[in-house]
Amino acid sequence: MQDTVLSEGLWAADKANQMGYQLILCNTDEDYEIESEYIDALISKRVDGVIIAPTGDQSMKNLKKLNKNRVPFTLIDRQIQDVSCNRVLGDNYEGTKKLLQHLIDFGHERIAMVHGPLTISTSKERYQALKR
């Protein structure tokens, strides 16, 4: 596999097109059942690869399906324990700490957080930073 760096202003779809691929976007709304349906459909279409933001730890079943069908995948913005694959991650914990410090520096004392399900690594990491 070749590493590809996306330059500023160049989106994944643009880079895929330059390399002779098409990008298919699927929105699960954090629903595991919808994710499973999409994974099955993508496997049946014999896609060359999948970039996936898993819906949570239960996504391991879908990742195993991809492995079984020899569809390479990359996790984006999420981590699943015990999965060996490429990942593209931000530092949610440190980013949240910096955001909170910024609010505190401006005198804010009562800070609330609206977050997704705590079964998703990004939500969990951001919430842990808020608690500390």
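## A β-α-β unit

Strand β1, helix α3 (residues 60–68) and strand β2 together form a right-handed β-α-β unit, a crossover being right-handed if, with the strands pointing away from the viewer, the path from the first strand over the helix to the second runs clockwise.

## Basis and confidence

This is a predicted model, in which local features need pLDDT of at least 70 and side-chain atom pairs count only at pLDDT 80 or more, while totals for chains, interfaces and linings use all residues. Residues are numbered from 1 along each chain as its sequence is written, and side-chain values use heavy atoms, with hydrogens and water left out.

The protein chain has a mean pLDDT (the predictor's confidence in each residue, from 0 to 100) of 87, with 92% of its residues at 70 or more.

## Strand pairing

Strands β1 (residues 50–52) and β2 (residues 73–76) run parallel and are joined by three bridges, where pairing requires that DSSP finds at least two bridges between two strands. β2 also pairs in the parallel sense with strand β3 (residues 86–88), again over three bridges. L75 of β2 stands opposite I52, and L75 also stands opposite R87 in β3.

## Helix α3

N62, L63 and L66 of α3 are buried, that is, under 20% relative accessible area, where exposed means over 50% and partly exposed lies in between (1.4 Å probe, protein chains only). Seen down the axis of α3, these buried residues fall within an arc of 100 degrees, so they line one face of the helix; the arc is that of the directions from the helix axis to the C-beta atoms.

The cover over the buried residues of α3 includes α2, β1 and β2, with contact meaning heavy atoms within 4.5 Å. K61, K64, N67 and K68 are exposed on the other side of α3. After α3 comes R70, whose phi is positive, near 55 degrees.

## Helix α4

Helix α4 (residues 92–105) has 14 residues and reaches 20 Å from its first C-alpha to its last, close to the expected 20 Å, a span defined as 1.5 Å times one less than the number of residues. N92, T96 and L100 are buried in α4, and they cover an arc of only 65 degrees around the axis, which puts them on the same side of α4.

The buried residues of α4 pack against α5 (121–131), whereas the face turned away from the buried side carries the exposed residues K98 and D105. Just after α4, G107 takes a positive phi of about 90 degrees.

How values were computed
Helix = DSSP H or I, 4+ residues; strand = E, 2+ residues; numbered from the N terminus.
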